Amino acid sequence: MGFFEKLKAGLAKTKNAVFGRLDALFRGFSSVDEELLEELEEILITSDVGVNATESILDSLRARIKQDKITEPEQVKDALREILTEMIGEGEPLRLDTTPSVILVIGVNGVGKTTSIAKIANVLKGEGKQVLLAAADTFRAAAIDQLGIWAERVGVELIRHDEGSDPAAVVFDALNAAKKRNADVVIVDTAGRLHNKKNLMDELAKIDRVIDRELPGACRETLLVLDATTGQNAVLQAKEFKHAAALTGLVLTKLDGTAKGGIVFSIRDELGIPVKFIGVGEKVDDLQYFNAGDFVSALFG
Ligand code: GDP
Ligand code: MG
């Protein structure tokens with residue numbers, strides 16, 4: 001299966017629940033009137049697109065209808081598609097220009113951090129980059145072992161310490177190993193402790209200081225992983241984390257397991273942080289760079 005087919009299959013639930021209804025809507029109307037727009041609004045709001053995002057989509061749509069003198073429901077559909085694509089913006093690439101560069105991966109427990117790290121490592125390895133993983137979620141031994149299994153599967157090196165050790169010390173060792181081996185990217189797994197924001201901020205600040213000291217001027221991505229199946233809750237999590245860390249991007253996981261793919265729009269609208277990767281399954285190749293055009297195309301079918 002190609003990338004786009006995979007994306008389409010992964011988004012099938014959202015597509016059927018949300019965009020299937022849109023199709024029926026546009027086929028059910030023979031002219032463009034306020035009633036059509038109201039029904040459209042309801043579909044978007046009930047699809048986790050979010051109230052604010054829906055409002056701005058409808059505003060743009062009304063302006064477009066007027067400006068382009070749109071009279072056919074099919075044309076509204078095309079305009080909507082364009083507006084949605086513009087709204088989520090182009091996928092911003094990772095900035096990994098220095099050797100090594102660092103990717104910090106954060107997020108609450110269970111959202112898919114460790115799995116996404118393996119998948120990202122796999123993507124980067126496929127681009128010819130030498131990747132090294134740092135097991136800085138030292139909270140549970142099982143978390144370290146889980147990353148170890150993935151590292152072996154993907155074929156990248158893992159730097160690990162024992163359970164309960166200092167995450168910043170793991171990062172220190174990983175950065176130095178990366179320098180020694182001329183590795184391109186170090187990906188750091190972290191523990192998801194949102195229940196204590198101060199703890200999280202202290203830990204991230206400490207890791208940041210280690211990176212500043214060991215790799216001054218290195219490119220650094222801080223990716224927040226969000227579980228799409230949690231819908232608007234994911235938006236709230238992102239708002240919390242935005243206060244605790246300088247986020248450079250989002251990884252949206254489990255889009256295959258939910259009809260709530262509409263949250264991509266509400267996240268973009270409310271947070272202004274680019275989605276850089278999306279996860280559409282549990283296997284190592286079930287993650288791809290986020291591309292607005294492909295995403296919207298997959299939803300509209
Ligand atoms: P962490 O606690 O944030 O490190 O989360 P894990 O990486 O351990 O993942 C938690 C669970 O989510 C695991 O069972 C993963 O297989 C699953 N998972 C992660 N990403 C995806 C995805 O894109 N789709 C699906 N269906 N499951 C996922
Ligand atoms: Mg984990």
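How many residues surround ligand 1, and which are the closest? The count is 17, and the closest are Gly110, Lys113, Thr115, Asp256 and Glu282. The model is predicted. Ligand 1 sits in the largest pocket. The structure also holds one cavity of 30 Å³ or more.

**The shell around ligand 1**

- Helix 6, residues 113-126, gives the most to this shell, with four residues.
- Nine residues of the shell are polar, five are charged and three are nonpolar.

- Lys113, one of the closest residues, places a backbone N or O atom 2.8 Å from an oxygen atom of ligand 1.
- Gly281 also uses its backbone: an N or O atom there lies 3.2 Å from an oxygen atom of ligand 1.
- Glu282, another of the closest residues, uses its side chain, where an N or O atom is 2.6 Å from an oxygen atom of ligand 1.
- Taken alone, ligand 1 exposes 590 Å², and the protein buries 79% of that.

**The largest cavity**

- Rolling a probe the size of a water molecule over the atoms shows where empty space is left.
- The largest cavity has a volume of about 30 Å³.
- Its lining consists of Phe19, Leu22, Asp23, Phe26, Lys77 and Phe300.
- Helix 2, residues 12-28, gives the most to that lining, with four residues.
- The lining has four nonpolar residues, two charged and no polar ones.

Conventions:
Residues numbered from 1 in each chain as written. Chains lettered and ligands numbered in written order. Predicted model: local features only at pLDDT ≥ 70, side-chain atom pairs only at ≥ 80, totals over all residues. Heavy atoms only, no water. Near = heavy atom within 4 Å. Polar contact = N/O pair within 3.5 Å; in protein donor to acceptor, adjacent residues only side chain to side chain. Areas by Shrake-Rupley, 256 points an atom, 1.4 Å probe, with all protein chains shown as cover. 1 Å grid on protein atoms, 1.4 Å probe; cavity = no way out; pocket = protein on both sides within 12 Å on 5 of 7 lines; lining within 4 Å. Sits in = over half its atoms within 2 Å of the grid points. Helix = DSSP H or I, 4+ residues; strand = E, 2+ residues; numbered from the N terminus. Nonpolar A, V, L, I, M, F, W, Y, C, P; charged D, E, K, R; others polar. Points joined across faces, edges and corners; volume = space filled by probe spheres on them.
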